[in-house]
Every structure is written in structure tokens, then in C-alpha cells.
Amino acid sequence: MLSNNHVVQAHLDAISINLFSVIADGVLILDAKGYIIRTNALFDQRLGYSRDALLGLHVSEIDPPEFAARVQSRLEQVDSKASAIFETAHVRKDGSIMPVEINARTIEIDAAKYYLSIVRDITEQKQMETLIEEKDKLYRTAIETSVDGFWMIDLQGNILETNDAYVRMSGYTHAQLLQMHISQIDDDHDDILVKKRIAEIVESGGHFSFEATHRHRDGQRFPVRITTTYSAISDGCCFVFISDLTQYRHALDELQLAAMVYHHSSEAILVMNSEFQIMAVNSAFEMMTGFSLADVVGKKPNFFSSNLNDASFYDEIWHTLKTENHWHGEAHALRKDGEAFVKLLTMNTVNDSQGELFRVVGLFTDITERKNIEKLVWKQANFDELTHLPNRRMFYEHLQLTALQVMGNQLKMALLLIDLDGFKEVNDTLGHAVGDLLLVEAAHRIRSCVYEYDMVARLGGDEFTVVISDVDAMKEIDRTAERVIEALSMPFSLGDEQIFISASIGIAIYPDDSEDLNILFKNADQAMYAAKSMGRKRFRYFTSDLQRVAQKRKHIISDLRIALVEKQFEVFYQPIVNLATGEIYKAEALIRWHHPIHGIIPPIDFIGLAEETGLIIPIGNWVFEQSVSQVTRWRELIHENFQISVNQSPVQIRNDHDSISWSDYLERKGLAGEAIKLEITEGLLLHAEQSVNEKLLKFRDAGIQVAIDDFGTGYSSLSYLKKFDIDFLKIDQSFVRGLGSDSSDLVLCEAIIVMAHKLGFKVIAEGVETEMQRDMLLQAGCDYAQGFLYSKAVSADIFEQFYFGYNMHECKKIME
């Protein structure tokens, strides 16, 4: 007779044989405490174990930790119902997780309780559920983030679901909308018409589009466009997309354009996934880069970057996007044919409803041409067009940097100012073309006489300068000066001409001769003229015996103070002409000094000293008061919108105490701010502190327009154009003077005019002297011009006579 244990084993063996032969899933038999006593081969195989390797293990030992804790409660659940179906997971031998569905029941054998479990591998099912969930998440994100409203309705017209966009659009709450029928919102359709329309949607295959009028919760009506979709597999529901046409009813073209912006935008657009791999590009991208979608899909955008942007550059972009959700800047790239270009790139992230990175959208434009224009502007502003040496602006910038370096290292710097002796005679006798060739060759010779790290610049005309840094001994300076003089004394073979000139050099040492760079330059200038007076073809150091020049400077300053008291100044006015109409209702105020001994002294001879001494403050105040008085008169006599431009020195702008407040003064005089225009130089904005910006804002608030004088000769980055409130750009006369049909000056003027108009500025050309210059500027779109073609600066009386045509013959003689 068999023992009880043998009886149980026999029953279990019988169950196993019967089940294992017919079940296509794993089978697991547990004892009352949850220990494994039987498995089938399929169960062992799916978990990666050898036959019977699991016997004797507790079932919790093959469950992930988070599921193992629930084993006891699952067994109790089976006990309470005699059977149960639930999902859990097992751990394979290799450590991977296998999701499973357990169909468990209790069985009794000889009064002993066991658990019989059919274990189904649901890995593929779970993967499919995850995929469905992700797609559902994507669709819901699209609906919830859409600017359009959304409904899901049944075939009777009841609203089953809506989104936040329609809640905002209608004014109803989400809960209220879910209790409503379409006819309660749609002004054009009652209950019968709604059902009829739904029937049409179903019959037409689901896609339907029409316009309607909806009622806002506050009773207001608003126009909408309805777009519907319906599918037989959508559980008898229609999907409705509602676009609010209130703001766009009168801009249908813009709406159509916006709908096609991705495909028809002139900006290249690329869409990336969360791993920054390209998923889609528009036609502008393909045209701009030469790459098709097939070329780039799945790749990161740095694959077509140039070696000017290394991997760290793009790593920084990705980091910024992840932390700030936005990046904007310039990047270098390569087209498919290998051509390099520069792009202005904007990248933004799109997050999903959980705030996780979902998509990255990049937009860029090809700014290669703009960068080339900027380079041209920068080159024009910093380099001499003829000799290609640094110009006066770059020279001063280099001088400042070198001075800081040598001062910090307790060294010395030498400034050599070189003037070509006899150059004027060459120009006068052989012409400017030969003179230009001579300057180019002279520049080359001077450059060959100094070390590579020393600077050679052309300041203008026949004036050159050399900056020698890290001076160890005066003998080195002497040798450099001697080499330059010797090189320039050698004959110049220019075409059929053999020309002989020489050079006079003035030398000043920093910081010995002055720590003020402007004074240092003047000292070198004094030394250079001393060399000329000593017979030319030599060099001279600045010394104390040259102080007579400083004495003269002192006399001029003294005379300036007297001129203020004795009213020796007069304001002249130069007309500014509207190129399109020929009208004159603008003028620039320019000061003249009637010296009792030296006659009329132009501003260039005394403004610098006035700025150094602070006398520019009272002089500037007086010019402004005179201009206000004059424009008041001319607004009555000439034109009600007459405007006078008044220059302000940086010293005046930065002075908070003694300078007149223009806005307060104009208000006291009852004159509109538009009557006066402020003219400032680019240099003021180069390192403009907060107080300067605040003053410019005060001018704007008072209605006073601002013009940038001598544009193109100063700060070349152009960033200040968007930083400050500016109304006019004045093209420097050095560009106007060189205008010709094939000149780079014409290209530069056209570029400045186009750029200014794009930024909302008007353009005034200075120094217009010929009809050809006027016509070329007019054709280029320039707004205003001033120069000797129309009139030099004249007194107020002469200006009025000229304007009204009185004594025209005499006026023209004066203005010629």
C-alpha cells in the first residue's frame, strides 16, 4: 500500500503529464508555502534554466524585487477566490525581465493544498501596449498643445472630450463642455442640423471642412473653421478640430502661408528627435545645403559642420538646449559640394506632457553674404584701402592695447610718426595715380624695416606710423628709424618714372614723454615737424625744447576762453537736401570762430582742445541755444517741420552737471523735440556706459531724433545699431568721395543704405560734391544728402537768402 507522500507524488505526476502535454504555456506548481515543486520544460526554457533547476526555490526568488514583495498577497488572493488571473514578472537567468500573465488556482491532493499556475509570456503584448501608449501620448500631446480647439463627439452630437485650447476659446470649463451638445454652442446648427451634418461627415468618409459661428460663454459670437475626421474603427466617434478665425478672418493669405511655412519657408528647417538625430528637413534646407532628407536622416546636424566648429562647439549647443531649451548663434557649415557657408542658427526644444525632451527644431539662414559685407565694412573701417595697412582707427586701438601691456610689464613703447618728404610734388606733377603707386610701395618698404610684431599703419595722405613695443634700448629705435629713412630714400621705379623722396620721422616714447596717448601722438607730431624744419630725411625725438608747440597750444586755449566771453563764435548752417523731392527743410549747425587776428578758424583746429579742457561744454551749450533760436524762426518762415542737426561731443554727453538739458530747454521754449536732431559719433557708442544709454533714451522720450555721424569709420561690429535708439545714419564723406560704378565704395554705400532701411533708419550722405555722386546715391535709395554740390556751411542770413531766392547771384557766388 502506497504512503500518503507517494500518493501525492503520483497525483502531481499525473497532473504534470496531462497538463504538460497539452499546454502551450509555461506551467508552475507551488506547494502551500510557495515553493516550486513542478515546472514544465517550456517554463524552464523561457527563463533560461536547465530542467528541474528551479525545483525547491521559493517563487519570490524568480520575481523582481518590486514583485517579490507581493507574492504572499497574490497567494492569499488565489486562496480567497480559489483562482485568480493577474500580471507579474519573472527574472530570467541572464537577469532580464519577462513580463507574464498568471492564471492560478488551488488544488487539493490528499487534503494538501497546492497552487497550479499557467504562466503566459506577454513580452510582445507589453511591447505592443507600450508602443500604443507612446503613440497615444504623442497624439494627446499634439492635441493638448495645439492652438486649435478639439472635440471628440458621438454620432448624436454630444461632446465627449475637448482640449484646453477650446476651453480658452469658448470660456466654458472642461467639465461644462462635456455636458453640452454641439447645438448649444454652434450658432448655425440646431439639433436636427447637427445630426444631419454628422450623417454627411460619416457618408463622405470622415473628412469635412466648413466654417461656422460659435457662442462664447459671455454671449459673444466668434467665427471658426471646423475640420472633422471619422473612421469606422473609432468607436462611432468623430474628431473635430476648431480654429478660431477671429484674428485671422482678414488675413487669409497669412493663414495659408503659415500652414505651408514648413515646406515653403525661405529659412532652412530641420526637426530632430530627443537624441538630436535629424528626422525631417524642408525644401529650403535641401536647396541651401544640397543635402536631401535621405542624406541626413538619422544623423546629427554636426555631420555637415566645417572644421571651424569642433565637436565641443556642438556639445555646448546640446547642453544649452537641455538646460535652457533655446540656443541662438552663428555656426559654420559645409554644403554637400564642400562649399563653406555661415548660418544664423536658432534651435528650440519641444517637450512632451511630462516635461521630457521630445523634439528639437532648428531654423537657420545663410548669412554668408551678410558676413562678407560685415567683413567689408570692418575692413573699410580698420584698414587703408590703398595700402591695406591698418588705418587710423586700428592704429589707435593697437596703441591703447600696447600701452596697457608695456605699462603692466614696466617696459617702454616707441611711437614713430613718418611723413614722406616731397610726396605733394609727386602728386601735383605726376598725378594721383602715380602718387597712389608711390604710397603702396612706401608702405611695403616701411613694413619690411620692422619686426613682424611691430605695427605699421597709414593714418592718411602721406602720413605713416610705426609702433614698436618692448623697447630694450634707444639704439634699437635709432636703427629702425635709420632703416626706414634709408629704404624710402632709394629710388622708386614707377612705370617710366624714377622718383626720389625722403622721410621725416618724429619719435615719442611711452610713458617717458606722456602717459596720455593723445598727447604722446601730438609729441611725436611735433618731433616730426621739427625733423622737417631741420632739413628733412632725418628723425627727431620729442624733447623739452619742443615745448614751444605746447606754448602755442596754451595760447589757443586762452584765446578760446576769450572767444566765449567776447562772442567770437558764429553758427553756420549747411543745407540737408531730400534727394527724392529736392526739398530743404533740414540743416546741420556748424560752429565757426572769428578770431580777431587769425580770421575764421574751422572747428577741426580747436574742437579737440575744447574737449580736452572742458570748454566744449559752454561752447556746445551756446551752439544748441543758437540752433533752437534759429529753428524756431525757420519753422515760421521756411517749413513747419524744419529741423536742425546739432553735434554733441562725447564730453558733453557724459557731463551731467554743466550741459544744458535739451529736453527741458525745448519745453521751456515751447518747441517740439522733433525740431532738433542730435548728431553723435560711433566712438561714443563703442564703450557706452549705462549713463550714456540713459541719456539717449531721454532724447528719444523727448522726441529728439539721433543720427550717427561719419558712419562706417568707427565701431564695426554694428551691434550698437540694435542696442541704441537711432533714427539716421550719416555715410562718411570718405565713402561718398570714392563713388564710381565699379568701386567698392558704391557697394559699401548700397550695403549701408539697405541695412539702415531694414533697421528702420533714414540715411544722409555727407560730402556730396558732384551730380554723379548725387545720382548714384539717389539710385541706391539714399534719403538725404549734404555737401558742396548744394552749398557749403553759411551764415543764417545767407541761408535764408539762398532759400528764398533773394540776391541769388550773390548767394551762389558765396556758396561756391
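Predicted model: local features only at pLDDT ≥ 70, side-chain atom pairs only at ≥ 80, totals over all residues.
**Figure 1. The salt bridge between Asp187 and Arg221.** The structure holds 33 salt bridges, and the one shown here joins Asp187 to Arg221, with the closest N and O atoms 2.7 Å apart. This pair links distant parts of the chain, since Asp187 belongs to the loop between α7 (174–177) and α8 (191–203), whereas Arg221 belongs to strand β9 (residues 221–230), and the two residues are 34 residues apart. Asp187 is partly exposed at a relative accessible area of 31%, and Arg221 is also partly exposed, at 49% relative accessibility.

**Figure 2. An open antiparallel sheet of five strands.** The strands follow the order β12-β11-β15-β14-β13, and their pairing is antiparallel. Strands β12 (278–281) and β13 (326–334) stand at the edges with a single partner strand each, so that one side of each is left without a neighbour in the sheet. From one strand to the next, the twist averages 25°. Strands of a sheet pair through backbone hydrogen bonds, in either a parallel or an antiparallel manner. In this view, nine bridges join β13 to the antiparallel strand β14 (residues 340–351), and Ala333 has Phe341 of β14 as its bridge partner.

**Figure 3. Two helices in relation to the sheet.** Helix α13 (residues 311–324) packs on the sheet, where α13 touches β13, β14 and β15 (357–366), and the direction of this helix makes about 160° with that of β13. Helix α14 (residues 368–382) lies across β13, β14 and β15, and runs at about 125° to β14.

**Figure 4. Glu330 and Arg370 within a network of salt bridges.** The side chains of Glu330 and Arg370 meet in a salt bridge, for which the N to O distance is 3.7 Å. Because Glu330 lies in strand β13 and Arg370 in helix α14, the pair ties together parts that are 40 residues apart in sequence. Both residues belong to a network of salt bridges that also links Lys371 and Glu374. Glu330 is partly exposed, with a relative accessible area of 34%, and Arg370 counts as partly exposed at 38% relative accessibility.

**Figure 5. A nonpolar surface patch that includes Ile132.** Met128, Leu131 and Ile132 together make a nonpolar surface patch of about 290 Å². Of these residues, Ile132 is found in helix α5, which comprises residues 123–145.

Figure 6. Lys537, which is placed in the loop between α19 and β22 (538–541), has a phi near 55°, a positive value in a residue other than glycine.

Figure 7. Leaving aside neighbours within four places in sequence, Glu766 is in contact with Glu588, Asp709, Asp710, Lys730, Ile731, Asp732, Gln733, Val736 and Gln786. Asp710, one of these contacts, is found in strand β28 (residues 705–711) and has a phi near 55°, which is a positive value in a residue other than glycine.

Technical notes
Residues numbered from 1 in each chain as written. Heavy atoms only, no water. Helix = DSSP H or I, 4+ residues; strand = E, 2+ residues; numbered from the N terminus. Patch = residues over 30% accessible without salt bridge, like charges linked within 9 Å, V, L, I, M, F, W, Y side chains within 5 Å. Areas by Shrake-Rupley, 256 points an atom, 1.4 Å probe, with all protein chains shown as cover. Salt bridge = Lys/Arg side-chain N within 4 Å of Asp/Glu carboxyl O. Pairing = 2+ DSSP bridges. Axes fitted to C-alpha atoms, helices over the stretch in contact; angles between N-to-C directions. Contact = heavy atoms within 4.5 Å. Buried < 20%, exposed > 50% of the residue type's maximum accessible area, 1.4 Å probe, protein only.
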